[in-house]
Amino acid sequence: MSITPCKKNPELNQRIEEFAEVLKTKAHLLADYGLSESDFYNSGLFRGSVERIRGQFSATMREKREFVRRVLSYMQDRNYIANFDSSGGKNRYDYTVELPSGKIAVIELKGGLDGNNTNIFERPAHANELIVWSVSTNQGGDPRRNVWSGLHTRLSAEMISNNKQVDGLIVWGWVCGTLGRRCPKLEADPTRITAIAQFELPPPCIYLFPATIPEVRNNASPSGQPLECVEILHAFHQCFKGAAEDVSFVDFEVAYRGADTVRRTTVRRGGIVVQQSDCTPIQRR
C-alpha cells in the first residue's frame with residue numbers, strides 16, 4: 001500500500017517534458033515580434049510569459065470554488081450537511097458547514113500541499129471541526145509526494161509548533177479518475193463513480209488526525225481519531241461511496257532531542273503502516 005492509491009502518470013509526464021522542450025526551443029516562431037531568435041530569448045518575453053501563466057494558474061481559485069460549491073450543494077440536497085457558506089477572502093478559512101447534528105465544520109481549501117501556502121490557515125473559535133481539503137489541478141504533479149509533504153513536512157509541523165488543531169485532510173478533486181490521474185478505486189469498480197454536473201468523481205481519500213494537538217510532556221503520541229468522530233469527513237465518506245480502504249489514520253509522536261523538538265509521522269490504513277517518517281526536527285520558531 002502507498003500513502004495514496006493514485007500515482008504519477010509516467011506517459012503524461014513524458015509528454016509534458018517533451019512539450020516543454022518544444023516550447024523552449026520553438027517559442028520564437030509562435031509570433032512575429034520583429035526579433036531575432038537570440039533577441040527573443042534575451043528580451044525576457046518568453047520567461048515573463050511563462051511566469052505570468054504560472055502565476056495565473058496558481059492564483060486562481062474560481063474553478064476550485066465552483067467545484068466545491070457543486071459538491072457541497074450535492075451533499076446538502078441529500079441531507080449529509082445542513083448548510084454551507086463561503087467565507088470569501090476575509091478569513092483564513094474558506095467554508096463554514098453546518099452539520100445535521102448542529103456542529104460547525106470549517107474547511108480550508110488548498111492545492112497540491114507541497115508549498116508553504118499549506119501552512120496558512122486559522123481555526124476559528126466557532127469551529128467544532130477543521131479539515132484541510134486538497135484540490136490539486138496539476139495533473140503532472142506527484143500525488144504521493146505531495147500528500148506526504150502535506151502531512152509530515154507542512155501540517156504536522158504547523159500543528160505542533162503553532163498549536164493548531166486540524167481534524168483531518170481530504171484529498172479529492174475533479175482531476176481524480178481522469179486520464180491524467182487514473183484512480184485505482186474506479187479501475188477496480190467503475191460503479192463507485194458519483195456524477196455531479198460535468199464531474200465524474202471517485203470516492204475521496206480521507207486522512208484522520210488525532211483529536212488533540214501533540215505535545216511532548218502531556219500528549220506525546222496521539223493517534224488518528226475514528227472516522228465517526230469527524231462528522232464532516234464521515235459525511236463525505238458516506239455521500240461519495242467511501243470504503244474502509246479509502247480511510248487512513250495519521251499518528252504523531254513528538255519528543256525533545258537536544259535543543260530540537262522532533263516529530264515522527266505514521267500513516268496507517270487497515271491496521272497496516274503504509275508510510276512512516278524518521279524523527280525529524282521541526283524547523284520553526
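User: What makes a lining residue nonpolar, polar or charged here?

Analyst: Ala, Val, Leu, Ile, Met, Phe, Trp, Tyr, Cys and Pro count as nonpolar, Asp, Glu, Lys and Arg as charged, and the others, Gly among them, as polar. By that rule, the lining of the second largest pocket divides into 14 nonpolar, 1 polar and 2 charged residues. A word on the source: this is a predicted model, where local features need pLDDT of at least 70, side-chain atom pairs count only at pLDDT 80 or more, and totals for chains, interfaces and linings use all residues. Residues are numbered from 1 along each chain as its sequence is written, and side-chain values use heavy atoms, leaving out hydrogens and water.

User: Why is the contact between Arg47 and Glu51 called a salt bridge?

Analyst: A salt bridge needs a side-chain nitrogen of Lys or Arg within 4 Å of a carboxyl oxygen of Asp or Glu. The closest N and O atoms of Arg47 and Glu51 are 2.9 Å apart, so the pair qualifies.

User: How do you know whether Asp246 is buried or exposed?

Analyst: Buried means under 20% relative accessible area, exposed over 50%, and partly exposed in between (1.4 Å probe, protein chains only). Asp246 has 4% relative accessibility, so Asp246 counts as buried. Its salt-bridge partner is Lys185, with the closest N and O atoms 3.8 Å apart. Lys185 is buried too, at 8%.

User: And what makes Arg47 exposed or buried?

Analyst: Arg47 has a relative accessible area of 56%, so Arg47 is exposed. Glu51, at 35%, is partly exposed.
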